[in-house]
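Please have a look at the model first.

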Amino acid sequence: MADPHHQGKFITLEGGEGAGKSTQVRAIAERLAARGIETLTTREPGGSAKAEELREVILSGFAKQFSPIGEAMLFSAARIDHLDQTIRPALARGVWVVCDRFMDSTQAYQGALGNIDPRLIKALERVAVGPTRPDLTLILDLPAEIGLARAAARRKKGAAADRFEGEDLEFHQALRKSFLEIAAAELERCAVIDAAQDVDQVSAQIWDEIRRRLLKESV
Ligand code: Z5A
């Protein structure tokens, strides 16, 4: 059921490491601002004071000590606060929210890769997310090797590896498959974007989806 208080549009970006989500969140916000649309950019895990504290703990490796369902519950706890404190108030004011990762990351990382019964993940999603589901989810898709090479290049510039960047190539290939399965199961909500293109091409493809699906323009 759609959330009656949800006035703005809710866009999420998903995909594997180095897919370019953060880069494209910024590009979307710029394009929306140029159209005079008030936009809030945010991320998961994080996006509210308490969820950012949980992010530190989760990505430090602490969450790895838990079973996949325990880990999924930690991400969901952060999500509940993020929705309550940041996302829902913005959407209720008519602000568009653009979020770097959301519930599909739990389904892919903890659910599919952690072999959790999909019904359990859906139940957790109903509790944590409720009716505040994204209007559009952009799945940034690219071969795992390219994403990992981008993340490695960024690390050379000083960024630290996080919890899942340490996993092997097979893990990241399975992750890609899982995101594509999510997109195939929810075609109305999800758009698959070819993220192996250069930044401007990716950005143009994303903008076409936003115009067509959310601004109801012909492209
Ligand atoms: N996680 C989870 O397990 N369960 C959950 O429910 C949630 C999350 C919500 C968050 O890490 C981790 O939490 C994540 C999943 C897990 N796993 N890991 N690892 P994060 O927020 O620190 O990192 P991330 O979400 O994976 O994003 P990222 O690795 O920072 O990548 P990105 O945001 O997709 O890419 P980027 O920062 O925009 O770009 C990466 C580099 O590539 C950078 O140097 C860019 O300049 C470059 N780039 C970007 N686009 C291009 C193109 N098109 N061509 C060439 N180079 C490019």
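I will begin with the glutamate and its surroundings, and then turn to the helices.

What we have is a predicted model, in which local features need pLDDT of at least 70, side-chain atom pairs count only at pLDDT 80 or more, and totals for chains, interfaces and linings use all residues. Residues are numbered from 1 along each chain as its sequence is written, and side-chain values use heavy atoms, with hydrogens and water left out.

E44 sits in the loop that runs between strand 2 (39-43) and helix 2 (49-59), where helices (H or I, at least four residues) and strands (E, at least two) are DSSP runs numbered from the N terminus. With a relative accessibility of 7%, E44 counts as buried, a term that means under 20% relative accessible area with a 1.4 Å probe and protein chains only. Leaving aside residues up to four places away in sequence, E44 touches R55, R79, H82, C99, D100, R101 and F102, contact meaning heavy atoms within 4.5 Å.

Turning to the helices, helix 4 (residues 103-112) and helix 5 (residues 118-129) pack at about 150 degrees with their axes 11 Å apart, the axes being lines fitted to C-alpha atoms over the stretch in contact, and angles running from 0 to 180 degrees between N-to-C directions. Helix 4 contributes M103, T106, Q107 and G111 to this contact, and helix 5 contributes I121, K122, E125 and V129.

For helix 6 (residues 144-156) and helix 7 (residues 169-185), the axes come within 9 Å and cross at roughly 120 degrees. Here A144, E145 and L148 of helix 6 meet L169, H172 and Q173 of helix 7.

Methods:
Buried < 20%, exposed > 50% of the residue type's maximum accessible area, 1.4 Å probe, protein only.
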